[in-house]
Amino acid sequence: MFIVFEGIDGSGKTTLSNRVARELRRAGLTVRHVREDGRLASPVSEGLRRFTRDPLHLALTPVAELLLYAAREAQLLEEVTRPALAEHDVVIADRFLYTAEVLARFGRGLPEAAVRSVLDTCQRGLQPDRVFLIDVDPAIARARRRASKLLARDRSTPSRKGLTGAGLQARLRAGYRALAAASPERWSIIENTDVPLDEQVTRLVEDVLRVRRGEAPLHTAGLTRPIVPVRSLPEARGRFLSRLDGWTVDEPGLAAWFLAGMEGQDVEARRALLAKRCPELIAHGLAGLTHPAAWEWRHRLEAAAPEQVLASLTDDASDAPEAWNLRERWETRAPEAVAASLTGLDSERAWLMRDRLSRFAPEPVVVSLSGLDSARAWDERWRWLSSRGGDEAFADEGVARALCRSLRGVDSERAWEWRERAMAVAPDAVLRSLEGLDSPRAWVLREQHAARAPKAVIGSLTGLDVPAAWKLRETFGVTCEEVLDSLTGMDVPAAWKLRTVLADTWPSATVKSLGLLATTARGQALTLELLERHPHDFALLRQAARTASQMEEEPRHGVA
């Protein structure tokens, strides 16, 4: 019996498939999981997976990508899956050729006939007995992945696929659902948002056992919630908080993640409930907040989560007196996190602290020079580069990435010389370093790589109000949600036009792009229109909830 788990990144398919494998073994079956604990059983397939993930290969074309994905699965099928089917009661795969099909057709836009001809050759008639599509709202899946990476202190580079932007996940989800709808006799859609993990595993094991006995599975479609319109911003806030309360017991990390950036007494009460269980995530969510309750939370959480507390010293919070007090308390105990918290600061106090930290955290000190083009900043960069071997160190991906982060927003000749050297090993980092630049060389790079790395390119347009920026935004708006992130707070006709055009494609990003404009009559009207049309969009509810708190006549700060 061959069982496949499919779904977008962060849907929970790897966790569920591994738990189901263990439970089936407890039930007395022999089980082979060809991606046990997240690693493909074929070393060749695992090597191909790493290759396709590497952002160094951002120039990979859609056809080449399809062939590599197909090769990965074909190798796994021949080397592991087919032999296992002859020896075990159940074989489980976390992803199958459906992944390559959905990415190629729905993600990259390749024609179905061309894709199927490649995949049919690899499949050679083998069909899973059951496919479980683990279905999750992309915003929730993304939050799970980010929270998990933060807790694991995972500082790995972003995947090549991630350079496409959040919109890719929405297209892939739609693609999976289309495949499921076309073959309901083989696919089951399992909604994995509000069901506790143990309960979900029990349901899936029951379905596998039923199919093995020749019975129909119980789960053939996702749950359908009734459509109840949202009529006001306070009502949206209430629904948002209600969803969070549902996760507080069974998935507290998700609830803590979505509290990020929120204010109000109702939010502080929930922070208090989650702070002991998820101190790192609660501290992370304080980024940029400057109200008294936020500083009190930083004080409470600094012992349990010093790195995340220091990382929250961004935007208006970065140069506050309380921020400097925090840095001084942790300077010798968490020098790397303290250095990182100095990013973009050009005051004498910041430079004195960098001087003290350069012996203990040289790389974070260099990265903290982001946006600084002074002689002092360049002396620090040269000193660190020399300690790593001089110009030859650009062949080291880690060095190149650190220097690119240091050069964000810097448009000098020396900065461009370094970008040219870094391009060979960290092209995505070079593209991100173009943030806010309006020079001819920046536009040449953007135009060369926008098709393969739209997220990185569009992210560099933040705040730019020039014709070339609007042209790129209009070109990629339908496929790249980050287009809207790049115009946050902009109150110009071109920005409003783009919001109107993209509102129903990316409703939550549209409201987020309003910034403080969300509290204006025009902003409120747009938000309410979108809430009426997209009542199930959780990310939209969250943005509306933030707007509701911004509109409070008297800010309700204070720690519960």
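Is Cys278 buried or exposed, and what is its relative accessibility? In this predicted model, Cys278 has 6% relative accessibility. Buried means under 20%, so Cys278 counts as buried.

**The cysteines**

The table puts the two residues side by side.

| Residue | Relative accessibility | Class |
|---|---|---|
| Cys278 | 6% | buried |

To count as a disulfide, two cysteine sulfur atoms must be within 2.5 Å. By this rule, the number of disulfides is zero.

Now turn to strand S1, which covers residues 2-6. Five of its five residues are buried, so the rest of the structure largely encloses S1. Which way do the residues of S1 point? Phe2, Val4 and Glu6 point one way, while Ile3 and Phe5 point the other way, and all are buried.

S1 also has strands to pair with. Strand S3, made of residues 90-94, runs parallel to S1 and is joined to S1 by four bridges. In this pairing, you can find Ile3 opposite Ile92 of S3. Strand S4, residues 130-135, pairs with S1 as well, over four bridges and in the parallel sense. Here Glu6 is the residue to look for, as Glu6 stands opposite Leu133 in S4.

Key
Residues numbered from 1 in each chain as written. Predicted model: local features only at pLDDT ≥ 70, side-chain atom pairs only at ≥ 80, totals over all residues. Heavy atoms only, no water. Buried < 20%, exposed > 50% of the residue type's maximum accessible area, 1.4 Å probe, protein only. Helix = DSSP H or I, 4+ residues; strand = E, 2+ residues; numbered from the N terminus. Pairing = 2+ DSSP bridges.
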